[in-house]
Amino acid sequence: MKKYFLTLATLLTVITLNSCKKSSTESNSADTEKISVSGNAEEIKLTSPPFVPAAIGDRAAKKVIVRLETIEKTGELADGTQYNFWTFGGSVPGSFIRARVGDEVEFHLKNNENSTFPHNIDLHAVNGPGGGAEATFVAPGKEAVFNFKALNPGLYVYHCATAPVGMHIANGMYGLILIEPEGGLPKVDKEFYIMQGDFYTKGKFGDKGMQEFDMDKAIAENPEYVVFNGKTGSLLGEGELQAKVGETVRFFVGNGGPNLTSSFHVIGEIFDRVYIEGGSTINENVQTTVIPPGGAAIVEFKATVPGEYVIVDHALFRAFNKGALGKIKITGADNPKVYKSNKQ
Ligand SMILES: [Cu+2]
């Protein structure tokens, strides 16, 4: 008798859930119609780091389509050191997404057919359960679609939220989505995309060959590598960022973590403006800005004196011993009124 009631209860639950599911899908599509903005849906272009898509400017809000694919691939964590990265769009950090407040986003998450694991995406720019994670959990070879309206301007982290979440993030599954405010961000001359992440390998920093993920080091929050844009030296040599004297430079900086908080700093520069935590408050004249895992900041400075400027996590053993070091080269005429070396 008891068993009968249990079975009946289960049956009723299933029926209720199914009808809920149906009605929520219906009401979703109704909401989508209601929040639809004018014009045809346009697929927006995404970029790999250190580049960002063109500024939105003052265009009206509209319906946009984003297509992102999760790809598991072997790449270099340092010269001669390989790692099996899990990525959004084939790069670490993942493709940069740029939209504006009021945009209605039709988001397609595809999981590459060669993937070993299911993945999903939690976009911090989303108002909704799991930031889209529940709606996008997707097996290899499949695609999931969900819709959201960008309600809050700011620079937001997105990341995989599939269990074990820490491990998916530690393997490189994070990136940035910028939601520009009404009228766009102020114009600047150069924009770049930089994202910090900590990596946990069985071998020590600098060990050559294929490196396995080390769960014990990850739990202990003791990374072998702390890097910008997925690789030691990604912003050095050919990857060095470039700007000219007189230009205003904007960095969209994120921290994927999964564990370490970044003390983001450019040696020899002062940030004229920092959009604190990627939000709407602007701080001025900042030396070092704190960026937590799952957080971001927009920093801006004017290039005034030529030279090579070193980009670091100012927890400096990470910069000089674990990889969190890049450069921006400023070229142009000397500016002795601002800086002059008297060294012979
Ligand atoms: Cu994942």
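Figure 1. Arginine 98 has leucine 178 in strand 9 as its bridge partner. Helices (H or I, at least four residues) and strands (E, at least two) are DSSP runs numbered from the N terminus. Strand 4 and strand 9 run parallel and are joined by four bridges; two strands pair if DSSP finds at least two bridges between them. The open sheet comprises four strands in the order 4-9-8-6, with mixed pairing. Strand 4 (97-100) and strand 6 are at the edges with a single partner strand each, so one side of each has no neighbour in the sheet. The model is predicted: local features require pLDDT of at least 70 and side-chain atom pairs pLDDT 80 or more, whereas totals for chains, interfaces and linings use all residues. Residues are numbered from 1 along each chain as its sequence is written, and side-chain values use heavy atoms, with hydrogens and water left out.

Figure 2. His119 (ND1), Cys160 (SG), His168 (ND1) and Met173 (SD) are the protein donors, at 2.0 to 2.6 Å from the copper ion. Donors are N, O and S atoms within 2.8 Å of the metal (3.2 Å for Na, K and Ca); water is not among the atoms, so sites may look incomplete. The angles subtended by the four donor atoms span 87 to 134°, which makes the arrangement tetrahedral (four donors, all angles between 85 and 135 degrees). Along the chain, the donors follow the spacing H-x40-C-x7-H-x4-M. Histidine 119, in the loop between strand 5 (104-111) and strand 6 (122-123), and methionine 173, in the loop between helix 3 (165-170) and strand 9 (174-180), are 54 residues apart and link distant parts of the chain. Both histidine 119 and methionine 173 are buried, that is, under 20% relative accessible area (1.4 Å probe, protein chains only).

**Figure 3. Aromatic pair of phenylalanine 85 and phenylalanine 199.** The whole structure contains 16 aromatic pairs, defined by ring centres of Phe, Tyr and Trp (its six-membered ring) within 6.5 Å. Phenylalanine 85 belongs to strand 3 (residues 81-88) and phenylalanine 199 to strand 10 (residues 190-199), so the pair ties together parts 114 residues apart in sequence. Phenylalanine 85 is buried at 5% relative accessibility, and phenylalanine 199 is buried at 0%.

**Figure 4. An aromatic cluster of phenylalanines.** Phe192, Phe228, Phe251, Phe264, Phe271 and Phe301 form one aromatic cluster.

Note on methods: Tetrahedral: all angles 85-135°; square planar, octahedral: opposite > 155°, others 65-115°. Buried < 20%, exposed > 50% of the residue type's maximum accessible area, 1.4 Å probe, protein only. Phe/Tyr/Trp six-rings, centres within 6.5 Å; stacked < 30°, edge-to-face > 60°.
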